[in-house]
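Here is a short report for a reader new to this structure. Look it over first, then read on.

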Amino acid sequence: ASEFSSFTKSYSETPQVVDLHELILNQKNLFDTHDNIKVLFPSWSDEMKAEVYVRKGNIVRVLMNLLSNAIQAIDSSEKEASQPALGYVRIALEFENGFYIVKVDDNGPGVLPQNVEKLFNPKFTTKTSGTGLGLAICRNIVQQEGGSISYSPSELGGACFTFSIPAYTES
């Protein structure tokens with residue numbers, strides 16, 4: 001209920017110009033605290049900006065959800081393995097056709113083929129705890145900001161979630 005309530009409040013936040021690269025870097029630093037999981041994000045030079053016009057709290061929420069999911073997936077797969085390996089979460093930021101593209105991928109277990117179509121449905125979860133609203137809320141936020149979100153298998157062997165946000169252009 002609190003997750004849904006805070007989502008409905010997010011519509012009232014005022015959009016602002018935000019440096020997406022800086023937001024990602026801040027989230028990377030917050031999540032890169034595990035001994036067994038490395039969060040990778042190649043940083044740009046200080047002069048480069050990735051400006052988007054968004055509700056900042058919403059984009060932070062999307063990043064937090066995707067990073068949390070990746071870390072939880074790696075943690076759960078390592079508990080099942082007899083020899084824990086180093087986990088990786090890789091964040092990429094690209095620019096293409098007027099959109100910034102953010103990819104969050106991991107070397108966790110990935111998503112079973114029969115679950116791919118259900119990923120963004122409300123109340124769908126493969127976890128033992130949680131509401132199953134996280135990815136549905138992420139989809140709504142990204143669409144509200146004029147972008148899209150999708151899933152694909154990761155080159156690292158796990159899951160890859162990709163979302164796009166239109167680049168800010170002064171009008």
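Among contacts in the chain between residues at least 6 apart in sequence, what share joins residues at least 24 apart? The share is 69%. Contact here means heavy atoms within 4.5 Å.

This is a predicted model, in which local features need pLDDT of at least 70, side-chain atom pairs count only at pLDDT 80 or more, and totals for chains, interfaces and linings use all residues. Residues are numbered from 1 along each chain as its sequence is written, and side-chain values use heavy atoms, with hydrogens and water left out.

**Overall layout**

The chain has four helices and seven strands. Their order from the N terminus is α-β-α-β-β-α-β-β-α-β-β. Both kinds of element are DSSP runs, numbered from the N terminus: helices are H or I with at least four residues, strands are E with at least two.

The chain holds 171 residues, and 40% of them count as buried. Buried means under 20% relative accessible area, exposed means over 50%, and partly exposed lies in between (1.4 Å probe, protein chains only). The chain exposes about 9,500 Å², of which carbon and sulfur atoms supply 51%. These areas come from the Shrake-Rupley method with a 1.4 Å probe; for residues, only the protein chains shown count as cover.

Q16 belongs to strand β1, residues 16-19. Q16 is partly exposed, at 36% relative accessibility. Leaving aside residues up to four places away in sequence, Q16 touches V52, Y53, V54 and K56. Y168 is 152 residues from Q16 in sequence, yet their C-alpha atoms are 9.8 Å apart in space.

Strand β2 covers residues 37-40, and its side chains alternate. I37 and V39 point to one face and are buried. Strands β2 and β4 run parallel, joined by four bridges. Two strands pair if DSSP finds at least two bridges between them. In this pairing, K38 stands opposite Y88 of β4.

**Salt bridges**

How many salt bridges does a search of the whole structure find? There are four. A salt bridge is a side-chain nitrogen of Lys or Arg within 4 Å of a carboxyl oxygen of Asp or Glu.

| D32 | K28 | 3.0 Å |

Start with D32 and K28. D32 is partly exposed at 26% relative accessibility, while K28 is buried at 15%.

E145 is buried, with a relative accessible area of 8%. R55 also counts as buried, at 16%.

D105 is buried at 5% relative accessibility. R90 is partly exposed at 27%. Together with E155, R90 and D105 are linked in a network of salt bridges.
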